[in-house]
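Subject: Handing over the structure we spoke about

Dear colleague,

I am passing on the structure that you will be looking after from here, and below it you will find my notes on what came out of it. Please read them with the display open beside you.

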Amino acid sequence: MQDSLFEVNDGFSELYENWTVQMRKGVLDLCILTALLRGEWYGYALVKALVAIPGVGVSEGSIYPLLSRLRKQGLVTTRLEESTEGPARKYYSLTDLGRKLAAEMTGHFQTMVKGMGALGESGFMSGGEEGAKSKTKKES
Amino acid sequence: MKKWTKQAEERLGEYLNARVERDGLEGEDARELREDLRAHVQEEAEVLCMDMIGVAELERLLLKMDGGVVEKWTPVIAESRRGRLYFFGVILPLAVTVFEMVSGFCAGVFFDPVPTFLHGVLLIAVPFLNGWLLTKGRAAGSRVQGIAAGLALAVSGFYGLLFLPLLPASIFAMVFFGLGLLSLSPILALVAVWRIAKRNRDGAVQPWRFRSGLKMGAGAVIALLLAMEGPGIWTRYQLSRANSDQKAVAESGVAMLRVFSSERTLLKACYEGNRGTTMATDISGWMGKGWKFPASMVGFNVWGEADSDKARDVFFRATGKPFNSLKPPKLSAGGLLGRGRGMDMDEFEFDDALGGDDVAIRLKDLDLAESRFDGHVDTASRLGYGEWTMVFANTSSQVKEARCQVRLPKDGKVSRLTLWVNGEPREAAFNSVSKVKAAYKSVAVVQRLDPVLVTMAGPDTVLVQCFPVPAHGEMKIRIGITSPLEGGCWVLPRVVERNFGIREGAENALWMQADAAFEFSGAEGLAGSMKDGEGFSANAVRDLGGDLDRLLAVRFEGLAEVPEKVWCEDQFAKEGERFLERRMEKTHRPAVGRLIVVIDGSASMKGAGRRLAWMFAELFPGKDIELIIADDGVRKTDTDGLASYRFSGGRDNEAALRAAVSRAKDGGNGAVVWLHGPQAVKLSAGEALLQLLERGTHRPDIYDVEMVPGPNRLSDQLGKEGFLKRGPTLFDPDPDLRKFLTGLLEGRDELSPVWRRAQAEEGLEGKRVWDQLARSWAMERSESQDVDRALIAAKYQLVTPVSGAVVLETMEQFKQHGLDPVDVSAAPSIPNIPEPSGAVLVLLAAIAGLLRRRRCGGAGA
């Protein structure tokens, strides 16, 4: 159904692409930090794992600058391990700050997804007014 | 690990450069991204099924990695930046290196950056390596690139550091005078090499290989530089310690240099610095001199500039050799156009010993070009007379003074001195030392005209000074020497110290004649004498370099133990005493009570230690012989200790001699035998030893036995004061020394002359001989303590401790200084031997007369 939408509406395609780019930007950091929460990753393996996530949609080569930025921000740290078969292998792991931030971000994202899910369950159409009211109340 | 084609490696490098440019990255960020992406591509390549990764496979991998967006490669560096790298990394270093090699500019002013061929290769390699890295090298393997970059970086880093102290001056000169690019160029080249290396590292396909190659290349150069400069740096450092005012540090420095030192560096230090011939130095010297001030700013203390005088002392103490016994070092490797930035493209030499009493530095471009020795020995009088003609050649554009110490035969004296002025021989004036020295200094050093001076320097040793040997010209002198035979041998004079070289291929023309048959001793290949008229003669043309300091003698066999009575007419004696008769008398010298043998601990005696130990142990067992090794101090020892002693460096013998004299004085009738090699520098004051010898009731004999020839300052000093007796000349060292020591220990007979003067020849006994006999009488008198000994020496034309000889250019100069030159007719000369005796002449005249009468008679008939 989606393909057909792209085919019939160029404006729709542009809107969708813009949205996915924005979302990737936000989510990619979280994906990396989440992966590293579980432990140390070899860079190549991490990139492969990240591009394999459905919907991430980034090239392998574009992840390295991101990892470099996270390292400079002090969120991840790297170490090199000499390899007899090739270049030294670069391993990434979280710093304390990165770990804290990863926990915060994951929590926030989960809350957001849960909230979004709940939004879907309650349904805007079925309980739209009530929901809308309750949101207005919260904001005020 | 997969193999990559060169094209693929190059393509990857191009891609990575384009990629970081596309992302707008620079520096560390760019480097990191390159490494990450390269590692990624290589991981991807590893899972491919082919063995060789080519460009096609790589393109696929790049497409995959880049999500299908691979941009066409664009040059990483702008053309302007590339041009700068070419200029500072290739053109400038090449031009400056070639300029230095051709002109020797830096070598003549600061230091020689290209002292050896290898240094030149290293320097020339930098621009070529840089050029290669900027062009074809980019397609080469990463490791090869790394090695090339490492080589260039290490060489330019080393030279950049060497020139860094000149940076402020170079910048100043550039800003205000537009000069200084030469000294600045190594630093500019270092920056360029650094950027080129960085650029190639960033573009390398396998940066880890580039890095390892870089380490290899740099390591190889550092190891090479350490091998080339390490000994010099060590030597300079220890030399500075040896010159320390703190005694312990100084001794430690000398000890270290004895263990290991670069003789070349030590020798250079003798010729450079405050009193050397130049202010320029070598690389290790510059490391101290150039970096002294900058290092002191950050609290480090480097060795600084060499003190030439002290370096000469240390050279002897470390090596045991006189510094001027070696060919002078080339202070700059020079250039194709000349040597350094000196006068007329010459390396300027400053001779601070001009007109002084020391032979001092060996001068370049001053050579002994020709040599001729004519000698005559009269066995009846047991006297010999020789004339040594020397021609000095100066190939430089500075006038120079030739100086040398000549060791005369035992108890010999200089009895003639001639200088050729404009091709004409001029004879010397003999007078007191002070008078002839004053004349020489006035005429030679101040007026710069032609004189030659000969004075006594030590026992049987004279100092010959000739000045000026003209620029690109020659100076010819002749020294006549009268001396007695020593045990049936007549020893030829030899040079023990000199400030000139020997012209390559120069020969020594030797002519010896005598009234008896003789053989040569001390030189292989010299045939004995041949019958020549009534006498005997021999001649040879020999290599001058080999003969100059060789102990060469003429040996006569079958001479009577006690020579017959002889007499001569003495042309210098006053009326009524014109005839002089000599008879030799045997006197017995009793055995010494105690014999103290002082053995020089210097390296020059290395070969003698075991032999002497064996001799003392086996041949003189139970004898009262005390052995002292002179090792800067006093080392009393026995034969075992002597055999195992390690002779090294140049040792001060003064303390040991002092201890030996004290010991010999104790109990009386003691004697000291001093076996030594050269003592080329005056190591200690010597006054304490002189005081010991001057005071007290018993003055022990000190026998000076030269085991190894060379200059000896201590011997000179003691000899001048008359405290030294010359020991035997060691033609055959072991037997001669054994015989001498046996004589001392067991007593011996000595011959001493008894003289008689007469008004007329009637009543004189024995054979009439040449007038050298009269000089022999004067030589004996001049050694005595007579008040008129200086007058006698001058009258008989002898150079003694109180008299000298000088040749000046004109009669006015002689008159001006109160000197009378010797009349040629009164000067000694080589007799026209074989001279027919008077009887033979009468016989020949009679035969001629008879023949004539017979012819006349025949005609009349």
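To begin with one residue: is B:Lys725 buried, partly exposed or exposed? With a relative accessible area of 33%, B:Lys725 is partly exposed, because a residue counts as buried only under 20% and as exposed only over 50%. Please keep in mind throughout that this is a predicted model.

Salt bridges

The side chain of B:Lys725 meets that of B:Asp701 in a salt bridge, with 3.4 Å from N to O. This pair links distant parts of the chain, since B:Lys725 belongs to strand S27 (residues 725-726) of chain B and B:Asp701 to strand S26 (residues 701-706) of chain B, 24 residues apart. B:Asp701 counts as partly exposed, at 23% relative accessibility.

Over all chains, the structure holds 58 salt bridges. One of them is formed by B:Glu43 and A:Arg89, whose closest N and O atoms are 3.4 Å apart; B:Glu43 lies in helix H2 (residues 27-46) of chain B and A:Arg89 in strand S3 (residues 89-94) of chain A, so the pair joins two chains. B:Glu43 counts as buried at 16% relative accessibility, whereas A:Arg89, at 29%, counts as partly exposed.

Another salt bridge is formed by B:Glu272 and B:Arg236, with the closest N and O atoms 2.6 Å apart. B:Glu272 sits in the loop between helix H12 (263-271) and helix H13 (283-289) of chain B, while B:Arg236 is part of helix H10 (residues 207-242) of chain B, so the pair ties together parts that are 36 residues apart in sequence. B:Glu272 is buried, with a relative accessible area of 3%, and B:Arg236 is buried as well, with 4%. The backbone oxygen of B:Glu272 is in turn reached by the side chain of B:Ser308, at 2.4 Å. B:Ser308 lies in helix H15 (residues 308-319) of chain B, and its relative accessible area is 0%, so it is buried.

Strands and their pairing

In chain B, 7 bridges join S3(B) to strand S15 (residues 507-514), and the two run parallel, with B:His376 standing opposite B:Gln513 in S15(B). S15(B) also pairs with strand S18 (residues 535-543) of chain B, here in the antiparallel sense and over 8 bridges, and B:Leu510 stands opposite B:Ala540 in S18(B).

Elsewhere in chain B there is an open sheet of 4 strands in the order S28-S21-S20-S29, with mixed pairing. Its edge strands are strand S28 (748-758) and strand S29 (767-768) of chain B, each of which pairs on one side only. Strand S20 (residues 566-569) of chain B and S29(B) pair in the parallel sense over 2 bridges, and B:Trp567 stands opposite B:Arg768 in S29(B).

Backbone points to check by eye

Most residues other than glycine have a negative phi, and most peptide bonds are trans. Against that background, the peptide bond from B:Phe467 to B:Pro468 is cis, with omega near -5 degrees, and B:Pro468 lies in strand S10 (residues 461-469) of chain B. B:Asp460, in the loop between strand S9 (452-458) and S10 of chain B, has a positive phi near 55 degrees and is buried, with a relative accessible area of 6%. B:Ala360, which is not a glycine either, has a positive phi of about 60 degrees; B:Ala360 is found in the loop between H15 and strand S3 (366-378) of chain B and counts as buried at 11% relative accessibility.

Surface, and chain A

On the surface, B:Ile171, B:Phe172, B:Met174, B:Val175, B:Phe176, B:Phe177 and B:Leu181 form a nonpolar patch with about 720 Å² of accessible area together. Helix H8 (residues 167-177) of chain B supplies the largest share of the patch, 6 residues, while B:Leu181 lies in helix H9 (residues 181-203) of chain B and is partly exposed at 36%.

Chain A has 6 helices and 3 strands, and of its 140 residues 29% count as buried. Chain A exposes about 9500 Å², of which carbon and sulfur atoms supply 58%.

With best wishes

Technical notes. Residues numbered from 1 in each chain as written. Chains lettered and ligands numbered in written order. Predicted model: local features only at pLDDT ≥ 70, side-chain atom pairs only at ≥ 80, totals over all residues. Heavy atoms only, no water. Patch = residues over 30% accessible without salt bridge, like charges linked within 9 Å, V, L, I, M, F, W, Y side chains within 5 Å. Areas by Shrake-Rupley, 256 points an atom, 1.4 Å probe, with all protein chains shown as cover. Salt bridge = Lys/Arg side-chain N within 4 Å of Asp/Glu carboxyl O. Buried < 20%, exposed > 50% of the residue type's maximum accessible area, 1.4 Å probe, protein only. Polar contact = N/O pair within 3.5 Å; in protein donor to acceptor, adjacent residues only side chain to side chain. Pairing = 2+ DSSP bridges.
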